[in-house]
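Please read the points with the structure in view.

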Amino acid sequence: MIHTLLSTDPDKLTQFSKDAVYAGAPQYAYAARDFQETAEVIAYCRAENIPVTFCGSQTSMTGASVADSGLALSLTAKNKIIDIGLGSDGAPYVVTEPGVVLADLKKAVLDAGYYYPPDPTSFNEAQVGATIATNATGEDTYKYGPTRRYVEELELILANGTKKTIARKKPVPQNIIKNTAGYFMDGEEIDEVIGSEGTLALISKIRLRLLKPDKKNIFVLLLPFSDFDRCIRAVLLLTAQPHKSRALELVGPGAAEIFKSCKSCPNELKNENCFLYIKDEYAEDNDFQKGVYGWFCLLNEVYRNVDDLACFDRIFLAKTDEQLKSIHDCRHHVPLKVNETCFEYIKDGGGKVGTDWWVPLQHLYKMMTDTHTEAQLLQLDFLVFAHIGNGHPHWNFLTQNKTDHQRAIDFVKKQGELAVRYGGGVAGEHGIGKIKKYLMAIQHRPAVLNKMRAIKKRWDPDFILGRGNIF
Ligand SMILES: Cc1cc2nc3c(=O)[nH]c(=O)nc-3n(C[C@H](O)[C@H](O)[C@H](O)COP(=O)(O)OP(=O)(O)OC[C@H]3O[C@@H](n4cnc5c(N)ncnc54)[C@H](O)[C@@H]3O)c2cc1C
């Protein structure tokens, strides 16, 4: 009976067969409608040894949501926000199904007077359940931390089809910011599931902690620099400030060209080739004036210090909804365009080779400038952008054939080794999925990898969930 629920319709299979960078070959598709039925489907697959891959909106950048075989299980129809309210301790929360698109959740929460900070650039597509399965971060992580910080309780469907609910007992340590290379080992049981890339259980219901926002409005400052070195030196000065903006992002070499090619790019930015992006928040118009004035005073000092004062006059301020949307669209355009271009190269053995290593800030300057020099010597198309305030940039290499692809992978491995040596990691937010497994042994000692295998075995003894991810 259950097997009749598994569709083999070629159109449906095609629909679930790729993410942003990887193509697979699911044999069956099933869209969750009711979680009792879904639990039976999972139990059936386990009994029949059919691998099950959970699919959100499939914006993963690692093949994590793509089934190489077996069942693609879509969560898209499980998209109801169940409750937004105040707990007995007066703290706001939201309870939701996993298939709600993050942007819709954020809006519903805001309409209710609260704020949910996680904001991957893909927030208009990504599903809430998947953002937990990937411990998504984004530009506002600079101030507000990653998704993990907000997850209070998860209802799960396990590999044997039974349900389990886990609540967080203690707050997440605030010093844990980014790391998505395998399972999180320093927390509670709930932390194993957060960031587990669909390999341990299906997340079927979620309770998230919300914030009460005192500053709802934002503005963005785009700061041009005459070269990469000055730009990174400015990052160090900005991250040393006591005031923390919401975001401190890089739009560096290669990325600036794509940013500018977005049709909504303001004309004022069309001549810039490397800039930083500061997002900050304010409550009322008075605060806005004060806030912007404070920034301009500080930035004048920063530009003076990095010997780039001529660029100070070209700072671009975005405040209106229209301006802010244009900037967001340009920013989002960068990874979208790269993924789209590189998908075309896959057939010739090329494709995108991306790395999102992270390092403690004291090592950022050396890591960035050395990587930049060496990347230029590779003579491959590359770009660098994203979460520089967290010491977590994205370097992408666009390779058009097998040889260049391998050269880029070798380079990325070397960078990963260096990042780990500096006390950082090989993957800050995009995870491991199917295409970055080679990074696991760089990040972790064999004993740690064995512990991770033991976690996997405890949750999913037959290795049917998210097969091919992480291990
Ligand atoms: C242009 C672009 C920009 C991006 N920007 C960011 C960014 O700024 N920050 C960031 O962190 N990521 C970013 N990403 C990566 C991706 O968007 C995030 O990882 C996002 O959380 C994935 O959401 P999704 O709904 O598309 O999930 P999918 O890609 O469908 O799935 C991601 C993983 O979650 C698992 N999964 C999905 N639903 C469930 C569930 N209910 N239970 C258990 N496992 C589940 C899947 O099996 C898979 O392993 C970006 C991607 C693109 C293409």
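**Notes on the predicted model**

1. Start with the elements. The chain's secondary structure comprises 15 helices and 15 strands. Its radius of gyration is 22 Å, close to the 23 Å from the globule rule for 471 residues, so the chain is as compact as a globular protein of that length. Keep in mind that this is a predicted model.

2. Next, the dimensions. The C-alpha trace spans about 70 × 60 × 45 Å along its principal axes.

3. Now burial and surface. Buried residues make up 58% of the 471 in the chain.

4. Consider the contacts. Take those between residues at least 6 apart in sequence: 73% of them join residues at least 24 apart.

5. On charge, the chain carries 56 positive and 58 negative side chains. The centres of the two sets are 4 Å apart.

6. Two backbone angles deserve a look. Most residues other than glycine have a negative phi. Asn 135 is not a glycine, yet its phi is positive, at about 45°. Asn 135 sits in the loop between α4 (128-133) and α5 (141-144). Is Asn 135 buried or exposed? Its relative accessible area is 3%, and under 20% means buried, so Asn 135 is buried.

7. The other angle belongs to Ala 386. Its phi is positive, near 90°, and Ala 386 is a residue other than glycine. Which strand holds Ala 386? Ala 386 is part of β14, residues 381-387. Its relative accessibility is 0%, so Ala 386 counts as buried.

Terms used
Residues are numbered from 1 along each chain as its sequence is written. This is a predicted model: local features need pLDDT of at least 70, side-chain atom pairs count only at pLDDT 80 or more; totals for chains, interfaces and linings use all residues. Side-chain values use heavy atoms; hydrogens and water are left out. Helices (H or I, at least four residues) and strands (E, at least two) are DSSP runs, numbered from the N terminus. The radius of gyration is taken over C-alpha atoms; the globule rule is 2.2 Å times the number of residues to the power 0.38. Buried means under 20% relative accessible area, exposed over 50%, partly exposed in between (1.4 Å probe, protein chains only). Contact means heavy atoms within 4.5 Å. Lys and Arg count as positive and Asp and Glu as negative; His and the chain ends are not counted. The place of a charge is taken as NZ of Lys, CZ of Arg, CG of Asp or CD of Glu.
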